[in-house]
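Here is a short report for a reader meeting this structure for the first time. Look it over, then read on.

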Amino acid sequence: MDKVQKYVENILQPKLQGDGGWVEFVSLDNNELTLVFRGECSKCLILSRCTDWIEEQIKKDLNKTVKVNAIRKKPYFQDV
């Protein structure tokens, strides 16, 4: 799990930040990877494409098969 968390934080986060988004690692239970998507990602209409891409990248780079469970979180200024 620690390997996947570091991958999300060090590899995937910077890539999504380039598009105004943000991803946070929540948990990895069995093969279900739960991630919170913030910023532009929270309102993206094609988030499923991104989650598919994340699954492919983890498979390719870490040789681990996961299914991403995406949680959308409103931007911080709307979290009231």
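## Terms and basis

Contact means heavy atoms within 4.5 Å. By that rule, and leaving aside neighbours within four places in sequence, Ile 58 is in contact with Val 4, Tyr 7, Leu 33, Asn 63, Lys 64 and Val 66.

This is a predicted model, in which local features need pLDDT of at least 70, side-chain atom pairs count only at pLDDT 80 or more, and totals for chains, interfaces and linings use all residues. Residues are numbered from 1 along each chain as its sequence is written, and side-chain values use heavy atoms, with hydrogens and water left out.

## Overall layout

The protein has 2 helices and 3 strands. Their order from the N terminus is α-β-β-α-β. Helices (H or I, at least four residues) and strands (E, at least two) are DSSP runs, numbered from the N terminus.

The C-alpha trace spans about 35 × 20 × 20 Å along its principal axes. The radius of gyration is 12 Å, which agrees with the value near 12 Å for a compact globule of 80 residues. This radius is taken over C-alpha atoms, and the globule rule is 2.2 Å times the number of residues to the power 0.38. Among contacts between residues at least 6 apart in sequence, 52% join residues at least 24 apart.

## Surface and burial

The accessible surface comes to about 5300 Å². Carbon and sulfur atoms hold 49% of that surface. The areas come from the Shrake-Rupley method with a 1.4 Å probe; for residues, only the protein chains shown count as cover.

Of the 80 residues, 36% count as buried. Buried means under 20% relative accessible area, exposed over 50%, and partly exposed in between (1.4 Å probe, protein chains only).

## The nonpolar core

In soluble globular proteins, nonpolar side chains tend to be buried together. Here the largest nonpolar core has 19 residues. Those with the most contacts inside this core are Val 4, Val 8, Leu 33, Leu 35, Phe 37, Ile 54 and Ile 58. The elements giving two or more residues to the core are helix 1 (2-17), strand 1 (21-29), strand 2 (32-39) and helix 2 (47-62). A nonpolar core is a set of buried Ala, Val, Leu, Ile, Met, Phe, Trp, Tyr and Cys residues joined through side-chain atoms within 4.5 Å.

Leu 47 lies in helix 2. Leu 47 counts as buried because its relative accessibility is 5%. Beyond neighbours within four places in sequence, Leu 47 is in contact with Phe 37, Cys 41, Ala 70 and Arg 72. Leu 47 and Gln 13 are 34 residues apart in sequence, and their C-alpha atoms are 15 Å apart in space.

Glu 55 is also found in helix 2. Is Glu 55 buried or exposed? Glu 55 is buried, with a relative accessible area of 16%. Leaving aside neighbours within four places in sequence, Glu 55 is in contact with Val 66, Lys 67 and Val 68.

## Loops with positive phi

Most residues other than glycine have a negative phi. Asn 30 has a positive phi of about 55 degrees although it is not a glycine. Asn 30 sits in the loop between strand 1 and strand 2. At 74% relative accessibility, Asn 30 is exposed.

Asn 63 also has a positive phi, of about 55 degrees. Its place is the loop between helix 2 and strand 3 (67-72). Asn 63 counts as exposed, at 65% relative accessibility.
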